[in-house]
Amino acid sequence: MSFDPIAYINEPRWMESRLGLDRIRELLDRLGRPQDHLKFVHVAGTNGKGSTCAYLASILQAAGLRTGLFTSPYLITFEERIRVDGVNIALDQLAEVALLVKEQAEAMTDHPTEFELMTAVALVHFARQGCDIVVLEVGLGGRLDSTNVIDAPEAAVIARIGLDHTKLLGTTLAAIAGEKAGIVKPGSAVVSWPQDAEAMAVVEAAAAAAGDTLTVPDFARLAMGAVDWNAPGAPVRSFSYGRFANLRTKLLGSYQPANAALAIEAADALRERGWRISDEAVERGIAEAAWPGRFEIVRAGEGEPTVVVDGGHNPQGARALVDSLADVFPGRKPVFIMGVLEDKDYPAMLETVMPLVGGFVAVTPDNPRALPADKLARAIRWTGQDLLGCSAHMRPRVARGMADALAQARELAGPDGLICAFGSLYSVGALKELLAG
């Protein structure tokens, strides 16, 4: 293949994050406005938006709809970001569409960013594939994110909002909620996680200003069940929500039933707008949903420690991880493999996981914004000293790479132990690839 679409899209000169819609609007105008041929569910939020997207796409597929799914970042292969009916875009399709996008992008005075190029490629591909509906995940924020180039979606879904990307989105929940709620437009259904009061007021105001109906899941109707380790194929968690009494999910995190409830409310909102989505499709979609790298057990072979990977990369994500570990593996002290990006609130993440820890291995993720492992190790020592006092098992190891991190974690955990890798989807993806051989 003479043209490498992934290398082109990921060129360093396009990688700068520049919020705004002018470039993507011009690019899509040049490409014939593919978004006008599609219907969307637009999903924003800080935590849980990817899992919510996975549940929604699975429900829509189970309903017999040709479903596009656009998410980021990827774990193993770049093509994961663009899927139709659960199948990644083929490399030859990616190359063909990226060439079309490249021709128009290079004719522009202000060249689009990497994420804008990716958004354009996805929308062109979904239109070419004749998708009935597209689940479109916001990249950053919402109001000025390139995915917000679309007109009013069928549903605007806002997952849990927290403090993240504060340099770009604001330093308060209200400010960040204002950016996330920027996807709300007149003529849509709006479905939101029951946010903290400060954020909820912003979402409610945005829906009211647009004249849209707002639906919020009632978690009092959510009942958690246990994990069935003997289920055929893979462990599953049972739960119920409202009229759905026997739901099962392969996503084992204790927070996943709540994400599923948000997706169920979104599916109901679509049904009220005329989309044919049966209760059976909802149940099957929840059961079949897969979302790798989110509290995923990737290795639990005989004579080897159990390995869990989780993409939690902020304090909220760390809290959800701790709750899930305590629920699924009660009383066990995991060895953490941790790698984070430097702009994340890793001190707060460390404070959250520290009481649970049985050991630490620090690693540098493969990303230009990565926090060096030795700097993370110093933060681990300081946090452990403050919270737990001086303890031999709190002396973190520093790994030279993910293979070294896994080897050191196995040594610390022992054959019957528990390893948990978290802190960044980039490091989680590297570990999954390593374990896959």
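Mentor: Start with C131. C131 counts as buried, because its relative accessibility is 7% and the cut-off for buried is under 20%. Keep in mind that this is a predicted model.

A disulfide would need the sulfur atoms within 2.5 Å. The search of the whole structure gives 0 disulfides. C53 is in none either, and its nearest cysteine sulfur is that of C131, 14 Å away. C53 also counts as buried, because its relative accessibility is 0%.

β5 has pairing on record with two strands. Strand β1, residues 40–44, runs parallel to β5, with 4 bridges between them. H42 has L136 of β5 as its bridge partner. Strand β2, residues 67–70, is also parallel to β5, again over 4 bridges. On that side, T67 is bridged to I133.

The peptide bond from S72 to P73 is cis, and its omega is near -10°. The next loop, between β3 and β4 (87–88), holds D85. D85 is not a glycine, yet its phi is positive, near 50°. D85 counts as partly exposed, because its relative accessibility is 30%.

Strand β10, residues 236–241, is mostly covered, with 5 of its 6 residues buried. It pairs with β9, residues 222–228, in the antiparallel sense over 5 bridges. L222 faces Y241 of β10 there. Strand β11, residues 244–249, is antiparallel to β10 too, joined by 4 bridges. F239 has L247 of β11 as its bridge partner. The β10–β11 hairpin has 2 residues between its strands, and G242 there has a positive phi near 55°.

F295 is another positive-phi residue other than glycine, with phi near 40°. F295 sits in the loop between α10 (279–288) and β12 (296–299). Is F295 buried or exposed? F295 is buried, because its relative accessible area is 1%. F295 also belongs to an aromatic cluster with W229 and F329.

Next, the second largest pocket. About 270 Å³ of space lies in it. Its lining has 13 residues, and those nearest the centre are A234, K250, L251, E296 and I297. By class, 10 lining residues are nonpolar, 3 are charged and none is polar.

Last, the aromatic pairs. The count comes to 8. One of them joins F3 and Y8: the centres are 6.0 Å apart and the planes are at 50°, which makes the pair tilted. F3 and Y8 are both buried. Another joins F336 and F422, with centres 5.3 Å apart and planes at 65°, so this pair is edge-to-face. It links distant parts of the chain: F336 is in β14 (residues 335–338), F422 is in β17 (residues 418–422), and they are 86 residues apart. Both F336 and F422 are buried.

Note on methods. Residues are numbered from 1 along each chain as its sequence is written. This is a predicted model: local features need pLDDT of at least 70, side-chain atom pairs count only at pLDDT 80 or more; totals for chains, interfaces and linings use all residues. Side-chain values use heavy atoms; hydrogens and water are left out. On a 1 Å grid over the protein atoms alone, a cavity is a set of points where a 1.4 Å probe fits but cannot get out, and a pocket is an open set with protein on both sides within 12 Å along at least five of seven lines; lining residues have an atom within 4 Å of a point. Grid points are joined across faces, edges and corners, and a volume is the space filled by probe spheres set on the points. Ala, Val, Leu, Ile, Met, Phe, Trp, Tyr, Cys and Pro count as nonpolar, Asp, Glu, Lys and Arg as charged, and the others, Gly among them, as polar. Two strands pair if DSSP finds at least two bridges between them. Buried means under 20% relative accessible area, exposed over 50%, partly exposed in between (1.4 Å probe, protein chains only). Rings of Phe, Tyr and Trp (its six-membered ring) pair if their centres lie within 6.5 Å; planes under 30 degrees apart count as stacked, over 60 as edge-to-face and the rest as tilted.
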